[in-house]
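Here is a friendly walk through one protein model. Keep the 3D view open as you read, and look for each part when it is named.

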Amino acid sequence: MSSAAFLEFRLEGLSCADCAAKLERNIAALPGVEQAKLNFAAAKLTVRGDVQASLIIDEARRDGVRAIPAHQDREADQIAFWKKHHRAIFSGLAGILVATGWLVHYALGMESWAKLLYTATIAVGGYAVGKKALVSLGRHRLDMNVLMSIAVIGAVLIGEWSEGATVAFLFSVSEALESYTMDKARNSIRNLMNLAPDTAIVIRNGQEIQLPVKDVIIGDMLVIRPGEKIAMDGIITNGHSSINQATITGESVPVDRGPGGEVYAGTINGEGSLMVRVTKLVQDNTISRIIHLVEEAQGQRAPSQAFVDRFAAVYTPVVITLAALIVVIPPLLLNQPWVPWIYRGLALLVVACPCALVISTPVAIVSAIGNAARHGVLIKGGIHLEEVSRLRALAFDKTGTLTKGLPEVTQVIPADHISESELLTIAGAVEHHSEHPLARAIVAKTRDINIYPTPAENFQALTGLGARATVNGQNILVGSPRLLEQNGINIAGWQEALASLFSLGNTVVMVAREKEVLGCIGLADRVRPMAADSVAKLSKLGISPLIMLTGDNRQTAEVIAAQAGIDDFRANLLPQDKVAEIKKMRQELGFIGMVGDGINDAPALAAANVGIAMGGAGSDAALETADLVLMGDDLSKLPFTVRMARSAMQVIKQNITFAIGIKLLAVLAVFPGWLTLWLAILADMGATIMVTLNSIRLVGIKPDGGSDFTIDPVPGCGGNKPDPATGG
């Protein structure tokens with residue numbers, strides 16, 4: 001194996017963020033490992049170097065974690081019941097033993113038999129913790145497992161057998177519940193991995209054969225029968241059908257696809273039979289890339305995590321030191337009895353581990369980003385989730401964002417000495433070379449009326465203005481009225497026609513030959529059906545102003561903005577002008593987002609605090625460059641994303657406040673002797689479970705407005721509060 005080799009593992013039993021960081025360091029220290037990266041949120045480990053997979057698996061096992069090579073990940077679902085639920089089984093057995101011990105001890109007064117039952121409880125409930133504690137001590141590491149083991153052993157040594165057994169039992173229960181709830185949060189996205197089939201029917205040598213998807217190559221022809229899941233990304237070569245793309249875009253309404261249409265792995269074929277040419281390998285298909293990007297995003301820290309890390313780094317050593325002082329100072333300096341103060345010191349050790357605090361942020365990020373991905377919204381990391389929650393204003397590109405991006409020719413106005421067909425022939429000859437949406441609409445119009453002009457020569461695209469070319473030896477300009485004016489062509493006689501077209505929301509393309517205007521062509525784009533409703537919902541969420549940026553003229557921009565319900569607009573903008581507007585808005589308004597198509601608007605998306613790309617399904621550029629990707633062309637997912645982000649930030653604040661508050665109360669309760677060992681374990685691990693369960697509520701937020709939260713219209717003013725009506 002070369003030093004550049006990569007190994008990837010899925011991890012089971014990883015429920016402690018602090019333990020995950022230590023496991024990462026241990027694996028990085030193994031001989032031959034060049035780099036180890038452990039993504040706690042996704043329970044995923046990537047190792048680069050010359051090292052055997054078995055060494056990594058053994059190292060993880062020492063910390064009580066099961067490392068499963070990525071290629072065996074699906075087989076992991078078939079593991080034995082015992083291995084899958086061993087934590088719960090041990091906890092249940094410990095519970096029976098400790099309950100029996102209490103009965104024998106307090107009801108029957110048989111203390112010797114009770115001690116045997118308590119010892120059995122400690123052995124069963126504390127076995128895994130004790131084993132990991134020995135490993136940690138061997139590495140000179142003082143972690144949660146060591147602290148818990150000291151507390152249990154210390155309780156036994158001072159005669160508190162019942163307390164020690166209770167701590168062992170409660171800790172085992174907490175570990176099992178924490179593992180379960182963390183896995184539930186992670187599975188919000190990992191379930192997508194099972195949506196694409198393991199096999200595909202491929203035509204090779206004229207015969208249909210069934211192959212594992214890993215053996216399917218680019219160019220293979222797939223046979224997709226009605227009702228089947230599509231196994232690979234590809235292009236339809238034959239057949240028509242409706243495709244349910246909910247796994248990719250979050251939309252359950254099927255879309256029609258025919259020859260030339262793109263389909264994605266994991267989507268469901270409707271009523272037709274299809275032949276599909278494979279365009280991507282299984283590891284590169286859209287659903288695999290979404291899963292990879294979401295897992296990477298879940299592992300990124302939100303800025304609020306920095307505070308948590310700083311606090312935890314100070315809190316733990318301070319509390320451990322305080323515990324030691326509580327044990328030593330009263331007996332030595334104040335002539336107090338040792339046993340009560342040792343007990344108090346042990347109780348304080350239990351709450352020294354900042355588990356609830358450390359996990360308060362990542363589990364909320366996992367839940368929010370995973371839920372967003374299931375509904376067709378890809379958020380590229382915790383930092384972007386937090387930035388979306390802070391948005392004060394939004395800028396929208398017009399074409400392809402607020403509108404469908406498919407302009408159509410609505411009116412052709414030729415000069416007196418030329419016909420409509422002649423005007424379209426000349427314009428079509430020039431626009432044949434262009435990929436601009438307006439150009440494609442003009443070419444489509446010529447074909448609709450059976451005109452197939454010979455492509456022009458010497459074509460030159462003029463960014464933001466139009467194009468020039470040579471047709472039949474004559475110089476032709478096709479573009480905006482501004483293009484003609486910049487070339488010294490008088491358009492004064494066309495002002496009435498232009499005004500009429502602009503008033504109807506048309507974009508106007510003028511055609512000139514040499515210095516003579518040949519006519520103008522009106523084109524219009526339709527506003528997306530959900531645009532106005534989405535804009536209204538964003539306004540209710542307190543995002544204002546909502547501004548449209550477009551290269552179109554003012555009249556067209558005004559019509560589209562009115563139809564979409566947009567507050568304000570900027571017209572006649574070149575790409576660099578959009579960037580300048582975004583920078584100006586950032587200075588004036590604070591946090592601002594830009595919504596565009598992810599390709600043509602890349603500079604403006606990059607200039608905003610949050611770049612939001614539309615229609616990312618199948619678009620590599622959108623998936624790679626934007627901070628937030630709406631996988632479908634559905635603007636209604638934008639209000640949902642804002643609600644999700646604000647709810648996530650509120651949950652994180654709730655979690656941090658709760659975790660710190662519980663810890664501080666527990667510390668204060670030590671001095672008067674109120675903090676018992678069993679209460680300390682409940683305060684510590686109970687808080688961890690509470691913040692995890694609180695974070696999982698984020699999975700319940702839905703695009704249709706269903707939610708466990710009520711959202712404050714203006715972020716930062718009171719925050720998102722649980723809804724009493726729903727119990728959220």
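Helix α6 covers residues 144-157, and its 14 residues reach 20 Å from the first C-alpha to the last, close to the 20 Å expected at 1.5 Å a residue. That expected span is 1.5 Å times one less than the number of residues. Helices here are DSSP runs of H or I with at least four residues, strands are runs of E with at least two, and both are numbered from the N terminus.

This is a predicted model, in which local features need pLDDT of at least 70 and side-chain atom pairs count only at pLDDT 80 or more, while totals for chains, interfaces and linings use all residues. Residues are numbered from 1 along each chain as its sequence is written, and side-chain values use heavy atoms, leaving out hydrogens and water.

Back to α6: 11 of its 14 residues are buried. Buried means under 20% relative accessible area, with exposed over 50% and partly exposed in between (1.4 Å probe, protein chains only). Among the buried ones are Met-144, Leu-147 and Val-156. Just after α6, Gly-159 takes a positive phi of about 90°.

| Helix | Residues | Reach, first to last C-alpha | Buried |
|---|---|---|---|
| α6 | 144-157 | 20 Å | 11 of 14 residues |
| α25 | 637-670 | 49 Å | 25 of 34 residues |

Because 25 of its 34 residues are buried, α25 is largely enclosed by the rest of the structure.

Which residues have the most contacts inside the largest nonpolar core? They are Leu-394, Phe-396, Leu-402 and Ile-566, in a core of 67 residues. The largest share of this core, 12 residues, comes from α25. A nonpolar core is a set of buried Ala, Val, Leu, Ile, Met, Phe, Trp, Tyr and Cys residues joined through side-chain atoms within 4.5 Å. Another core, of 50 residues, lies apart from it and includes Tyr-118 and Trp-341.

Finally, find the open sheet of 3 strands, ordered β10-β9-β12 with antiparallel pairing. β10 and β12 stand at the edges with a single partner strand each, so one side of each has no neighbour in the sheet. Strands pair if DSSP finds at least two bridges between them, and 3 bridges join β9 to β10.
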